[in-house]
Amino acid sequence: MGSSSVTIDKHHTQETVTFLHTIESIMQKHYRSNTFPNEAFPREDWKRLTDNGLLLSMIPVEYGGRDSHEEICALIEIMAKYNLPLSMYTMIITLLFIRNVAKYGSQELKDEVLPLFSTEALVGGFALTEPHCGSNLSRMCTVYRQEADGRYHITGQKHWQAFSLSADWWLIAAKNAENNNEFGYFIVKRSEGFRNIEEYNALGLKAIDYGRNEIDAYVPAYRRLNVSAERLDGAIDMLCASRLSMCAMSSGFIGRIYEEATERAAQRKIGNGALQDIAYVQYRLKLIGSGKTISQALLSFVSRYNDFRNVLTENFFEAQAIKALSTDKMLEGALNYQQICGGDGYRYNAPNNSAAYALLDSRVYTVFDGTNDLLYQQITEYCLKQCEGIPVSRFLATYDKTRFGLKHVNFDLSILDKNDNQAQKVFNGQIIARIFGLNCLNDVMQLEEEQRPFEYEEYINAVSFLIADIKKVITESECFSRI
Ligand SMILES: Cc1cc2nc3c(=O)[nH]c(=O)nc-3n(C[C@H](O)[C@H](O)[C@H](O)COP(=O)(O)OP(=O)(O)OC[C@H]3O[C@@H](n4cnc5c(N)ncnc54)[C@H](O)[C@@H]3O)c2cc1C
């Protein structure tokens, strides 16, 4: 495999640089996804990582943490470069569990939980989805009631939770049993009433265990998070954190598969030369490479303009766009990597590539954490709301997060102003997310050359593929309106 393509930013503190180098060398030595077994991640291995400070990036300084937004972005990227499931594993515990305890927990809750996570190899999960509601969370059936003694009683079923069988702590979302429009978020110890009743055999991400779970738990009042109870507003902020982090995962992951696919194309002999001499193989490699560059641009945006420690509802637009675009690129990259590997790409544990797991692991990214189809619809709806009657295309020409991206588009985009049906909104959301991607690429090019994560040729390549994407979506949308 090639050397690291993950950039450890020279603006990090010395402590962060040392920490990131330590984690990178552990990942490189022990946890490369093409050598480490694809099975539930052993707790003693988790301990090796947490003993080296893995969970400290999102823990406040007073609890022994380093509390650094830039550090967690870099950490997730580094981990994904070596092992995508482990990067996901770390993201859930840091950004979906620890972040929300640190940000929204009462003093008593923080004093109880954060010292444990800063010193022990613990696992915390996030329980939102239920067997009868995934995309439509307002149909949630898990409920809470406050007892006369102040405690909350939470009952219901959840499924598909990461760490269903193994988490020590949970963040559980539930609906007020007496008011359908009110939601609460509670921190619950597994032993207080979280029980796995069915284990799922997931296609990929084998380091993480999944299943169907039953909840019947009593928790003290201080374990309720201090977030808006109105509709699902609290959950939106929490999900924005994980969605923004997806570009760190895609940047590390696509960076690796790009290196592996390039190496495979160079080594695989065909005719008098190698795969890399075939023009269409070169095209596929450029396509994978464009996904890497786009992800790097999105990550540069998140590192510089967002902060996981803030309330993120103001970042709703980019959270949806980043999650959907970067995970589309992960899946596209994995499919092209597998195609380049031919039959050997269809084998588990092939000696010369890791395409089978790359595809199985990345497949679910366009589905979970908000299915991309729904997120694209929400992007369009967000713009429709913001533009207050002016055409969406005109709004985007003035919106800071898209206006420079639009300068790359020299063809008609009036399709964005037609949002008469749901499918049209999904298509238009795909286009808008890609214009945001162009904006981010443009933004990176405004940096000093040595601060850019990619070269000018890579930038041009990424712009070309995003423009091609937009043209394809327009054609698909026109096709849909005719059928
Ligand atoms: C591996 C894995 C890990 C997960 N981890 C967690 C976790 O840790 N915690 C947790 O709480 N949940 C988790 N989930 C659940 C995940 O977030 C949901 O599966 C996801 O939100 C989709 O919900 P659903 O499965 O109910 O699908 P549905 O809501 O039934 O949707 C199915 C499909 O319908 C289509 N669709 C739905 N709405 C729209 C729309 N508006 N426009 C266009 N098409 C649409 C999409 O193609 C979508 O994929 C995980 C799931 C998986 C598979």
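Reply: Let's begin with how the angle is read. An axis here is a line fitted to C-alpha atoms over the stretch in contact, and angles run from 0 to 180 degrees between N-to-C directions. In general, two packed helices are described by the angle between their axes and the distance between the axes. Keep in mind that this is a predicted model.

Now look at helix H8, residues 316-341, and helix H9, residues 355-363. Their axes are 9 Å apart, and the packing angle is about 160°. Angles over 145 degrees count as roughly antiparallel, so H8 is roughly antiparallel to H9. As for handedness, H8 and H9 cross in a left-handed way.

Which residues of H8 and H9 meet? On the H8 side you'll find Met330, Leu331, Ala334, Leu335, Tyr337, Gln338 and Cys341. Facing them from H9 are Ala355, Ala358, Leu359, Ser362 and Arg363. Sort the residues of this contact by class and you get nine nonpolar, two polar and one charged.

H8 has another partner to look at, helix H7, which covers residues 279-305. The axes of H7 and H8 are 9 Å apart, at an angle of about 155°. That makes H7 roughly antiparallel to H8, and H7 passes H8 in a left-handed crossing. From H7, the residues in the contact include Val281, Leu287, Ile294 and Phe301, while H8 brings in Glu318, Ile322, Leu325 and Lys329, among others. By class, the contact of H7 with H8 has 11 nonpolar, six polar and four charged residues.

For another pair, find helix H4 (residues 84-104) and helix H6 (residues 233-267). Their axes come within 10 Å and cross at roughly 155°. H4 and H6 are therefore roughly antiparallel to each other, but their crossing is right-handed. Among the residues that meet are Leu84, Met88, Met91 and Arg99 in H4, and Met238, Ala241, Met249 and Phe253 in H6. This contact divides into nine nonpolar, five polar and one charged residues.

Okay, let's step back to the whole chain. It's divided into domain 1 (14-119), domain 2 (124-230) and domain 3 (234-482). The C-alpha centres of domain 2 and domain 3 lie 32 Å apart, and 11 residues of domain 2 are in contact with nine residues of domain 3. On the domain 2 side of that contact there are eight nonpolar, three polar and no charged residues.

Those two domains also turn up around the ligand: the shell draws at least three residues from each of domain 2 and domain 3. In total, 23 residues surround the ligand, and the closest are Leu128, Thr129, Gly134, Ser135 and Asp373. Strand E1 (124-127) and helix H10 (372-386) each supply at least two residues of the shell. By class, the shell has 13 nonpolar, eight polar and two charged residues.

Note on methods. Residues are numbered from 1 along each chain as its sequence is written. This is a predicted model: local features need pLDDT of at least 70, side-chain atom pairs count only at pLDDT 80 or more; totals for chains, interfaces and linings use all residues. A residue is near a molecule or strand if its C-beta atom, placed from the backbone, lies within 6 Å of it. Helices (H or I, at least four residues) and strands (E, at least two) are DSSP runs, numbered from the N terminus. Ala, Val, Leu, Ile, Met, Phe, Trp, Tyr, Cys and Pro count as nonpolar, Asp, Glu, Lys and Arg as charged, and the others, Gly among them, as polar. Domain bounds come from an automatic or database domain assignment. Angles under 35 degrees count as roughly parallel, over 145 as roughly antiparallel, 65 to 115 as roughly perpendicular and the rest as oblique. A crossing is left-handed if the near helix is turned anticlockwise from the far one by less than a right angle, and right-handed if clockwise. Two residues are in contact if their C-beta atoms, placed from the backbone, lie within 7 Å.
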